[in-house]
Amino acid sequence: MSENPAVPNLRPNDLLTFVMAVACGLAVANIYYAQPLLDTLARDFDISRGTAGIIITMTQLGYAAGLMLLVPLGDLLERRRLITVITGVTVLSLIGMALAPTSGLFILAALITGITAVVAQILVPFAAHMASDAERGRVVGRVMTGLLLGILLARVVSGGIADLLGWRTVYWIGAGIMLLQALALRRLLPEEPPQSKMPYGRLLLSVITLMQEEALLRRRIIYGALGFASFSAFWTTIPFLLAQAPYHYPDSVIGLFGLLGVAGALCANLAGSLHDKGYSRIGTGLFQALMGLSFVLMAVMPESLTAIIIGIIVLDLGVQGNQILNQSAIYQIRPEARSRITTAYMTCYFLGGAAGSAGAAYLFQFAGWTGACALGMALGATGVLFWLTEPRVQETGELQKSD
């Protein structure tokens, strides 16, 4: 297939793809700095662990709100300017988190940070839009690798900085990084004409229309929401498990567990290749099964560090592989509406994550680690059962209109 005629000079080279991947990682990292710090934040603000878990839930709800309200603007406005402005607001919200004197103000600033972190989801369809059909899976895989590494390294970096310099320093540094990123993206990203001229209200309503009309999008939304719910359930509760007996780990050590997810991030290119070669359905079933099995292992042996480590690796492989296949598939649908497709998919994705975080925090408070793992197992099993209903057709090159 030939290049998109609307933007013939914007095909992403390796350098631009790398820049966009790094930017995605840094943007989305802002909503994960708090995860290894939850036990510390609970003590510092004198709140319960269940309330501390709400920090992650509110950040994810903010992200979902940003996906609904801001990401569609990527089809309506010039993307480079939009990305720069939103990143500038992130700088201010991170400063608010660093200065927050109470848990309420911290959560409010975290909500705003979640809303503005959607810059990552404006960059991903931007990269997909510039790529040809033949290389779209590879380009999306590379950009998503950067995004996923940002998620993983955010936990490691925030835990280490918090132990050395205090948790507030994490957010001061994050604000500085975002300021530099805004300036860099303004200079390096290409200008691109808007893809739509419809009014903003109609633009938002068209997201619902897309979900009604595109069966492939609806199916991939369900896969994604279930996957991210299990992912969030785990990472919201694992700091509580590792902070108590028999582990008693500090924030810096808890954060290091995020490095185990590198296997999942490195799986991004493999998953993109599976999609390009027509093995998306098979890969989806495998990745859904891995998510559920990881919780079985960790539930049976919660006091075994080896079991926890293997569980994290398997969970991240399943979640991240599933995510790449989902996004590679949905970006075949309606090239002129990729930002709105991202809105539909990622809004439901993060609503699933928020539900997983809230549910797991509640279950941990009353049923401990076993309760949190039971939720993860149920989510994985639901994903596999839903996958069994999928038509046995290749998605590559096909735009399914009905199930």
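In the predicted model, histidine 248 is found in the loop that lies between helices α11 and α12. Phi of this histidine is near 55°, a positive value in a residue other than glycine. Histidine 248 has a relative accessible area of 57% and is therefore exposed, the threshold for that class being over 50%. The loop between α11 (215-243) and α12 (251-256) also holds proline 246. The peptide bond that leads from alanine 245 to proline 246 is cis, with omega near 5°.

Aspartate 46 is located in the loop between α2 (38-45) and α3. With a relative accessible area of 70%, aspartate 46 is exposed.

Helix α3 (residues 49-69) packs against α16 with the axes 8 Å apart and at an angle of about 170°. The two helices are therefore roughly antiparallel to each other, as angles over 145 degrees are classed in that way. On the α3 side, the contact is made by Arg49, Gly50, Gly53, Ile56, Thr57, Gln60, Leu61, Tyr63, Ala64, Leu67 and Met68. The α16 side contributes Thr343, Met346, Thr347, Phe350, Leu351, Gly353, Ala354, Ser357, Ala358, Ala361, Phe364 and Gln365. Sorted by class, the residues of this contact are 13 nonpolar, nine polar and one charged.

Two of the residues in this contact, Gly50 and Ser357, can be described individually. Glycine 50 belongs to helix α3 and, at 14% relative accessibility, counts as buried. When residues up to four places away in sequence are not counted, glycine 50 touches Ala361 and Gln365. The C-alpha atoms of glycine 50 and alanine 360 are 9.2 Å apart in space, although these residues are 310 residues apart in sequence.

Serine 357 lies in helix α16 and is buried, with 0% relative accessibility. Its side chain is joined to that of threonine 236 by a polar contact of 3.1 Å. With neighbours within four places in sequence left aside, serine 357 is in contact with Ile56, Thr57, Gln60, Ser232, Ala233 and Thr236. Among these partners of serine 357, Ile56, Thr57 and Gln60 also belong to the α3 side of the contact with α16.

Arginine 340 is likewise found in helix α16, which comprises residues 338-387. The relative accessible area of arginine 340 is 6%, and the residue is therefore buried, given that the buried class lies under 20%. A polar contact of 3.1 Å joins the side chain of arginine 340 to that of serine 206.

Helix α5 (residues 79-99) has 21 residues and should span 30 Å at 1.5 Å a residue; its end C-alpha atoms are 31 Å apart, which agrees. At the start of α5, a side-chain oxygen of glutamate 78 reaches to within 3.1 Å of the backbone nitrogen of arginine 80. Arginine 186 is found in helix α9 (residues 167-188) and is partly exposed, with a relative accessible area of 38%. The C-alpha atoms of arginine 186 and leucine 82 are separated by 9.8 Å, the two residues being 104 residues apart along the chain.

Helix α7 (residues 119-130) reaches 17 Å from its first C-alpha to its last, which is close to the 16 Å expected for its 12 residues at 1.5 Å a residue. Of the 12 residues of α7, 12 are buried, so this helix is largely enclosed by the rest of the structure. The buried residues are Val119, Ala120, Gln121, Ile122, Leu123, Val124, Pro125, Phe126, Ala127, Ala128, His129 and Met130.

Leucine 153, in helix α8 (residues 136-165), counts as partly exposed at 41% relative accessibility. Leucine 153 and alanine 229 are separated by 76 residues in sequence and by 20 Å in space, C-alpha to C-alpha.

Definitions and conventions
Residues are numbered from 1 along each chain as its sequence is written. This is a predicted model: local features need pLDDT of at least 70, side-chain atom pairs count only at pLDDT 80 or more; totals for chains, interfaces and linings use all residues. Side-chain values use heavy atoms; hydrogens and water are left out. Helices (H or I, at least four residues) and strands (E, at least two) are DSSP runs, numbered from the N terminus. The expected span of a helix is 1.5 Å times one less than its number of residues. A polar contact is a pair of N or O atoms within 3.5 Å; within protein, one must be able to donate a hydrogen and the other to accept it, and residues adjacent in sequence count only if both atoms are side-chain atoms. Buried means under 20% relative accessible area, exposed over 50%, partly exposed in between (1.4 Å probe, protein chains only). Axes are lines fitted to C-alpha atoms, for helices over the stretch in contact, and angles run from 0 to 180 degrees between N-to-C directions. Angles under 35 degrees count as roughly parallel, over 145 as roughly antiparallel, 65 to 115 as roughly perpendicular and the rest as oblique. Contact means heavy atoms within 4.5 Å. Ala, Val, Leu, Ile, Met, Phe, Trp, Tyr, Cys and Pro count as nonpolar, Asp, Glu, Lys and Arg as charged, and the others, Gly among them, as polar.
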